[in-house]
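This report describes a single protein model for a reader who works with coordinates. Please consult the sequence and structure shown here alongside the text.

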Amino acid sequence: MGRVYKAEFRHEAVRLALSSGLSRERIAQDLGIGSSTLKKWIRDAQKLDTVVADTTDHTALLRENERLRRENLLLREERELLKKATQFFASQRS
């Protein structure tokens, strides 16, 4: 079995690989890990980010949908009030 690395170390290695501008091989060498190990960590992190993003997007869509339903209800009530006001003032002119 290979060496076990802490999650913080893996996270930092992935962050460096994605944001430093250095080659992944160079970063892996500097950190003392294999380049294939770093590539696997990056792939795993990207999968996790996709799952989190999908979940976050779904939750955000549900919140937005609920907000729009409330806004729609308010607009319908306002429209009905305006209809009644229009009818009232129209009957007052006659």
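## Basis of the model

The model is predicted, so local features require pLDDT of at least 70 and side-chain atom pairs count only at pLDDT 80 or more, whereas totals for chains, interfaces and linings use all residues. Residues are numbered from 1 along each chain as its sequence is written, and side-chain values use heavy atoms, with hydrogens and water left out.

## Fold and dimensions

The protein contains three helices and zero strands, arranged along the sequence as α-α-α. Helices (H or I, at least four residues) and strands (E, at least two) are DSSP runs, numbered from the N terminus.

The radius of gyration of the protein is 28 Å, whereas a compact globule of 94 residues would have a value near 12 Å. This radius is taken over C-alpha atoms, and the globule rule is 2.2 Å times the number of residues to the power 0.38. Along the principal axes, the C-alpha trace spans about 90 × 30 × 15 Å.

## Surface, burial and charge

Of the 94 residues, 11% count as buried; buried means under 20% relative accessible area, exposed over 50%, and partly exposed in between (1.4 Å probe, protein chains only). The protein exposes about 8100 Å², of which carbon and sulfur atoms supply 56%. These areas come from the Shrake-Rupley method with a 1.4 Å probe, and for residues only the protein chains shown count as cover.

The protein has 19 positive and 14 negative charges, and their mean positions are 2 Å apart. Lys and Arg count as positive and Asp and Glu as negative, without His and the chain ends; each charge is placed at NZ of Lys, CZ of Arg, CG of Asp or CD of Glu.

## Contacts and domains

Contact means heavy atoms within 4.5 Å. Among contacts between residues at least 6 apart in sequence, 45% join residues at least 24 apart.

The domain assignment gives domain 1 (1-55) and domain 2 (58-93), with bounds from an automatic or database domain assignment. The C-alpha centres of domain 1 and domain 2 lie 51 Å apart.

Ile-42 lies in helix α3 (residues 35-93) and is buried, with a relative accessible area of 2%. Leaving aside neighbours within four places in sequence, Ile-42 is in contact with Val-14, Ala-17, Leu-18 and Arg-24. Its C-alpha atom is separated by 52 Å from that of Glu-78, 36 residues apart along the chain.

Leu-31 belongs to helix α2 (residues 24-31) and counts as partly exposed because its relative accessibility is 28%. Not counting residues up to four places away in sequence, Leu-31 touches Phe-9 and Ala-13. The C-alpha atoms of Leu-31 and Arg-70, 39 residues apart along the chain, are separated by 53 Å. Leu-74 is found in helix α3 and, at 44% relative accessibility, counts as partly exposed. Between the C-alpha atoms of Leu-74 and Gln-92, 18 residues apart along the chain, the separation is 27 Å.
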